[in-house]
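Colleague: Could you take one part of this model and go through it closely with me? I would like to know how it sits among its neighbours.

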Amino acid sequence: MPKWGYSIIEEMLNPEKTAKASGRELKVSHKAAREVAKAIKGMELSQAKEYLRDVAAKKKPIPYTRYTKKLGHKGGMAKRFVGRYPIKASEAVLKILQAAQANAENKGLDVEHLRIMHSAAYPGVKLKRYTPRAHGRASPKYEITTHFEIVLEEKATSGEQ
């Protein structure tokens with residue numbers, strides 16, 4: 001069994017105020033998952049869940065910053081002009097957010113004051129297959145899986161420091 005780690009440095013995390021969750025080897029596009037991770041980083045938990053539900057319903061687009069060739073303009077985005085609706089990636093990230101919320105509840109954190117401190121997506125294992133071609137030949141076909149991780153942090157309320 002592999003032992004998975006997180007890309008965030010453990011010393012940066014306060015174990016009493018943070019909750020983690022990850023999805024490993026998800027069959028979603030790593031390019032779309034990267035853009036979703038960038039879009040939700042820094043959001044509050046309830047706001048991020050609502051945003052991802054709107055993306056899955058094609059009401060709000062995810063702004064794309066890196067993979068933007070031949071992408072169409074979408075309305076309603078601040079400072080970005082191109083975007084997409086990565087439905088499969090946003091639904092997978094929504095499940096990971098719900099798992100992180102459950103982990104936070106088990107730790108006794110206040111769910112109303114959680115925000116996304118860290119979110120990252122990167123390519124995982126390549127699944128190599130072959131497509132049959134003419135004259136008994138075959139061409140390789142790769143399916144790249146995705147690793148996604150989220151760290152939630154409890155924000156200090158106005159009375160605390």
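Modeller: Happy to! Two strands count as paired if DSSP finds at least two bridges between them. Please keep in mind that this is a predicted model. The part I would pick is strand β5, residues 138-154.

Let us start with its partners. On one side of the story is strand β1 (residues 18-26), which pairs with β5 in the antiparallel sense over seven bridges. β4 and β5 make a hairpin, with five residues between them. In that turn, H135 has a positive phi of about 60°.

Next comes a helix. The buried residues of α3 pack against β5, and also against β1, β4, α1 (30-40) and α2 (45-56). Among those buried residues are A89, V93, L97 and A104. Helix α3 itself covers residues 87-107, and G108, with a positive phi near 90°, follows it.

Finally, look at E154, which belongs to β5. Its relative accessible area is 18%, so E154 is buried, the cut-off being under 20%. What does E154 touch beyond its neighbours within four places in sequence? The contacts of E154 are K17, L109, D110, H113 and L114. With D110 there is a polar detail too: the backbone nitrogen of D110 lies 2.9 Å from a polar atom of the E154 side chain.

Definitions and conventions. Residues are numbered from 1 along each chain as its sequence is written. This is a predicted model: local features need pLDDT of at least 70, side-chain atom pairs count only at pLDDT 80 or more; totals for chains, interfaces and linings use all residues. Side-chain values use heavy atoms; hydrogens and water are left out. Helices (H or I, at least four residues) and strands (E, at least two) are DSSP runs, numbered from the N terminus. The expected span of a helix is 1.5 Å times one less than its number of residues. Buried means under 20% relative accessible area, exposed over 50%, partly exposed in between (1.4 Å probe, protein chains only). Contact means heavy atoms within 4.5 Å. A polar contact is a pair of N or O atoms within 3.5 Å; within protein, one must be able to donate a hydrogen and the other to accept it, and residues adjacent in sequence count only if both atoms are side-chain atoms.
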